Amino acid sequence: MYRTMNVIQDTFRLLRSPRAALAAELAAPPLTSVFFLVQVTPLVTLRATAELTRSFLMGTPLVGFVLGLGSFVLQMGLWLGVSLVLPPLAQQFRTELSEPQAFVLSARSLTPLWLVGVTGIVPLSVPLVMLWSRGLVLVAVLYGLWILFQGFAALPARRSLQVPLTVATAAAALVLHTALFVVLGIGANVFIFLIS
Amino acid sequence: MNTAANASMNAGPIDIVAVARRAYATFAARPITHVAAAAIVVGASVLTVGVLAGPLTVGYLLLIDAQLDGGDVRLDQLWGGFELFSSALITWLLLTGATLTASVFVVLPGLVVALLGGFSFWFVAHRQASPIVALKASWSLTRRHLGSVLLLLVVAVGLNFLGLLVVIGPLITLPLATIMASITFRQLAS
């Protein structure tokens with residue numbers, strides 16, 4: 001219960017004032033394993049849980065399990081990939097970033113996208129609903145980029161390089177997400193084919 | 001000039017922009033050779049269901065190596081990989097098998113195995129390593145420079161995504177990505 005309150009309080013603090021929240025966290029990043037268990041895992045499981053719940057309600061539990069698991073692995077893989085790529089990518093822009101800082105910064109910038117994952121419980125059969133859901137995702141991605149930019153400013157990265165570094169990180173995240181999505185999509189389809 | 005270029009890039013973490021620039025210059029010096037080599041490697045690998053993938057990949061790496069050293073570059077250098085046929089084939093079989101096996105556990109471990117074993121062909125080509133030694137060396141090298149290798153992979157994959165937008169694009173982006181990996185290997189393994 002205490003840890004749940006921590007995650008909720010930290011998330012609200014981040015969304016209200018990203019620069020202040022990140023300045024404190026990046027100055028003294030927590031132990032990565034603890035951060036992963038306490039902060040990252042609960043947020044990453046939001047979309048997976050939502051999709052699983054939706055599928056159970058619609059009477060397709062197996063599909064829901066595959067989609068939920070795939071979603072969890074995709075989000076977790078994206079977080080790990082961006083975290084590992086961030087330090088050498090930041091060095092290309094003459095910015096020093098340690099691995100613990102990278103894990104924190106990538107998680108915080110993905111937080112809006114993870115939160116929006118709860119909309120996965122809504123069926124997307126109605127076009128307006130689908131449009132609303134995708135619009136929310138877009139807003140979440142843009143706010144995540146803003147959080148990332150604030151994080152680089154809090155580090156601090158060179159002022160003139162903050163925007164290029166944010167753009168480069170976004171491009172890297174897009175490539176990682178697309179590659180993981182394709183590979184996991186093929187894997188999920190193969191699994192469903194074998195099971196059925 | 002090539003030695004100086006290698007030396008300047010050997011200090012510290014990889015400079016991905018410098019690697020990309022040098023890779024482009026290398027490709028642009030002999031574009032027909034590289035496009036033809038990439039087409040042969042991919043085509044023959046598909047036609048032989050992967051049997052020739054390892055040896056031809058090693059051959060292409062030897063061709064790139066010869067050009068980076070400022071030596072003569074000919075398409076028939078591709079067959080140099082056949083002198084290391086058994087090592088290259090077994091390395092390919094072991095890496096593919098390990099990747100597919102690890103992929104059973106929700107795909108991600110398979111990607112990790114493929115990433116960690118990715119440089120094994122370079123060890124076969126440049127150090128004439130046996131399959132197990134090559135895989136272990138690749139594992140060790142990638143773990144020591146995980147961030148840099150992942151950054152290289154992201155750039156290479158992004159490049160090939162862009163290449164896929166044009167139907168024949170991969171014929172250019174695949175050799176470019178391979179040359180970038182060769183330059184990075186030289187820097188990280190030195």
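These legends accompany views of a two-chain predicted model.

Local features are reported at pLDDT of at least 70 and side-chain atom pairs only at pLDDT 80 or more, while totals for chains, interfaces and linings use all residues. Residues are numbered from 1 along each chain as written, chains are lettered from A and ligands numbered from 1 in written order, and side-chain values use heavy atoms, without hydrogens or water.

**Figure 1. Chain A is built from 7 helices and 0 strands.** The order along the sequence is α-α-α-α-α-α-α. Here helices (H or I, at least four residues) and strands (E, at least two) are DSSP runs, numbered from the N terminus. The radius of gyration of chain A is 17 Å, close to the 16 Å that the globule rule gives for 196 residues, so the chain is as compact as a globular protein of that length. That radius is taken over C-alpha atoms, and the rule is 2.2 Å times the number of residues to the power 0.38. Along the principal axes, the C-alpha atoms fill a box of roughly 55 × 35 × 35 Å. Buried residues account for 44% of the 196 in chain A. Buried means under 20% relative accessible area, exposed over 50%, and partly exposed in between (1.4 Å probe, protein chains only). Of the contacts in chain A with a separation of 6 or more, 74% join residues 24 or more positions apart. A contact means heavy atoms within 4.5 Å.

**Figure 2. Surface and charges of chain A.** The accessible surface is about 10100 Å², and carbon and sulfur atoms hold 74% of it. Accessible areas come from the Shrake-Rupley method with a 1.4 Å probe; for residues, only the protein chains shown count as cover. Chain A carries 11 positive and 5 negative charges, whose mean positions are 8 Å apart. Lys and Arg count as positive, Asp and Glu as negative; His and the chain ends are not counted. Each charge is placed at NZ of Lys, CZ of Arg, CG of Asp or CD of Glu.

**Figure 3. Thr119(A) sits in a loop of chain A.** The loop runs between α5 (99–116) and α6 (127–154). Thr119(A) is buried, with a relative accessible area of 9%. Beyond residues up to four places away in sequence, Thr119(A) touches Arg47(A), Trp132(A), Ser133(A) and Leu136(A).

**Figure 4. Chain B is built from 10 helices and 0 strands.** From the N terminus, the elements read α-α-α-α-α-α-α-α-α-α. The radius of gyration of chain B is 16 Å, which agrees with the value near 16 Å for a compact globule of 190 residues. The C-alpha trace spans about 45 × 35 × 35 Å along its principal axes. Buried residues make up 48% of the 190 in chain B. Of the chain B contacts with a separation of 6 or more, 67% link residues 24 or more positions apart. The accessible surface of chain B is about 8900 Å², with 72% on carbon and sulfur atoms. The mean positions of its 9 positive and 6 negative charges lie 10 Å apart.

**Figure 5. Phe185(B) is buried in helix α10 of chain B.** The helix covers residues 170–189. Relative accessibility of Phe185(B) is 3%. Neighbours within four places in sequence aside, Phe185(B) contacts Phe119(B), Trp122(B), Phe123(B), His126(B), Arg127(B), Leu141(B) and Ser190(B). His126(B) is 59 residues from Phe185(B) along the chain, and their C-alpha atoms are separated by 10 Å.

Figure 6. Most residues other than glycine have a negative phi. Val49(B) is exposed, at 70% relative accessibility.

**Figure 7. Chain B meets chain A.** The contact takes 18 residues from chain B and 19 residues from chain A. Together the chains bury about 1500 Å², with 87% of that area on carbon and sulfur atoms. In chain B, Leu108(B), Leu151(B) and Val154(B) lose the most area to chain A, together 31% of what that side buries. Buried area is the accessible area (1.4 Å probe) that two parts lose on being put together, summed over both.
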